[in-house]
Amino acid sequence: MPTRHSAKTPDPKLVYHRLSRWFAKNSRPFPWRGEVDPYRVWISEIILVQTAAEVGVPRYKRFLRRFPTLLSLIRAKVDDVMKEWEGLGYYHRARNLHRAAQVIAREHFGRFPSDYDAIRALPGIGDYCAAAIHNFCFGGRHVPIDANVARVGARLFGVAGDVRSSKTRLEVRRHYEALMTVGLGSVWTEALIGLGATVCTPRNPKCDLCPLGDSCTARRLGRESTLGLPAKRESRKVVNVACGIIRRADGRVLIAQRLDTGLLPNLWEFPGGKRDGNEKLADTCKREIREELAVAVKVCERRMVIEHAYSHYAVRLHVFECRYVSGQPRAIGAQKFRWLKVDELGKLAFPTANKRIISELVSEERQSAK
């Protein structure tokens, strides 16, 4: 269980007053700041779940140019949403945006729900996102616990333990609920997030700038640098994957669409898969293509090796040039397949690593055309 260090619950009115004054002077000028349209707040929160703010700002603006209203997202094809999301990673977010829009159309007559439980029930929306939307747009006063808010709370209330764990966050939430009984939920939410991002940082917190410094248990105990941190993770496992650039006589390239479940759902890719044991990577490429699309290929030269890191593991993608030999392609381990010209590949949504392959192919084709 998380450990408490004889923390007293600070006076809610005093904390709110100090936070609101601090936030009024130090809020960062994001395009979603002060937004009360639940659709726009929803889009910003989903983007920021796994994306840094400096990357999220231009992508938020771009997404809203492509899908400016909830109705435009409801009417969109899932492939178009996935394409717009390309490069942001964690593609289940885009798929759930589209799914949630269909639920809103079907169950809420095309209007974003105002009830917290109804918001929470939408695909892809967790406790944090539901609380943020409800607080910003509908006057709610729920406790949104993300990494920043959890870290501030762990230090403020003196809660030890891995700040990512559900037990630690539950304890932090309990303390916050005793505080968030006054004022506007939107101010609590924005101020706590901002405080964690800019002052109460994971390393070297700027305690002399914190408006809550004299109420902070961690500071009183001299534990500012040890409380509120995640447990150390083991080094990332490296997974070797092989894929093939499969060409036929007319120069078209064979691609496959991933299944709509699991990692990178609905994205297109150059077919291939994980190495089995210690098999040769060329054999991995040949086997995976046969199992995925029921075609035989001749594996030629290795074109490149691409390193790409995910949250818990890293992928080393070995890309082989292949020649189509025989077999009529069938989508066995995929949703669909297509034979496309190189200049058509950019119209579809691919994972980041595959986009590097496309870039190489496009550059190569342009050079040969000179």
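Colleague: Is the crossing of H1 and H11 left-handed or right-handed?

Modeller: The crossing of H1 and H11 is left-handed. A left-handed crossing has the near helix turned anticlockwise from the far one by less than a right angle, and a right-handed one has it turned clockwise. The model is predicted, so local features need pLDDT of at least 70 and side-chain atom pairs count only at pLDDT 80 or more, while totals for chains, interfaces and linings use all residues. Residues are numbered from 1 along each chain as its sequence is written, and side-chain values use heavy atoms, with hydrogens and water left out.

Colleague: What angle do H1 and H11 pack at?

Modeller: About 65°, and the axes of H1 (residues 12-26) and H11 are 9 Å apart. Axes are lines fitted to C-alpha atoms, for helices over the stretch in contact, with angles from 0 to 180 degrees between N-to-C directions. H1 and H11 are therefore roughly perpendicular to each other. The classes are roughly parallel under 35 degrees, roughly antiparallel over 145, roughly perpendicular from 65 to 115, and oblique for the rest.

Colleague: Which residues make the contact between H1 and H11?

Modeller: On H1, Pro12, Val15, Tyr16, Leu19, Ser20, Trp22 and Phe23. On H11, the list includes Val187, Trp188, Ala191, Leu192 and Leu195. Contact means heavy atoms within 4.5 Å. By class, the residues are 11 nonpolar, 3 polar and 1 charged. Nonpolar covers Ala, Val, Leu, Ile, Met, Phe, Trp, Tyr, Cys and Pro, charged covers Asp, Glu, Lys and Arg, and the others, Gly among them, are polar.

Colleague: What else does H11 pack against?

Modeller: H8 is one partner, with the axes of H8 and H11 7 Å apart at an angle of about 130°. That makes H8 oblique to H11. H8 passes H11 in a left-handed crossing. Tyr128, Asn135 and Phe136 of H8 meet Gly185, Ser186, Thr189, Glu190 and Ile193 of H11. This contact has 3 nonpolar, 4 polar and 1 charged residues.

Colleague: And how do H2 and H8 cross?

Modeller: At roughly 145°, with axes that come within 10 Å, in a right-handed crossing. From H2, Pro38, Val41, Trp42, Glu45 and Ile46 take part, and the H8 side includes Tyr128, Ala132, Ile133 and Phe136. The contact of H2 with H8 has 11 nonpolar residues, no polar ones and 1 charged.

Colleague: What lines the second largest cavity?

Modeller: Trp22, Phe23, Asn26, Ser27, Arg28, Arg33, Gly194 and Thr198. H1 and H11 are the elements that give two or more residues, and H1 has the largest share with 3. The space in the second largest cavity is about 30 Å³, and its lining has 2 nonpolar, 4 polar and 2 charged residues.

Colleague: How much space lies in the largest pocket?

Modeller: About 1,300 Å³. Among the 44 residues lining the largest pocket, the closest to its centre are Leu48, Val49, Gln50, Asp146 and Ala147. Helices that each supply at least two lining residues include H2 (38-48), H8 (127-138) and H11 (185-198). The lining divides into 23 nonpolar, 8 polar and 13 charged residues. Helices (H or I, at least four residues) and strands (E, at least two) are DSSP runs, numbered from the N terminus.

Colleague: And the second largest pocket?

Modeller: About 570 Å³ of space lies there. Val241, Arg258, Glu269, Gly272 and Gly273 are the closest to its centre of the 25 lining residues. Strand E1 (237-247) and helix H13 (281-293) are among the elements that each supply at least two. By class, the lining of the second largest pocket has 13 nonpolar, 6 polar and 6 charged residues. A volume here is the space filled by probe spheres set on the grid points, which are joined across faces, edges and corners.

Definitions and conventions: On a 1 Å grid over the protein atoms alone, a cavity is a set of points where a 1.4 Å probe fits but cannot get out, and a pocket is an open set with protein on both sides within 12 Å along at least five of seven lines; lining residues have an atom within 4 Å of a point.
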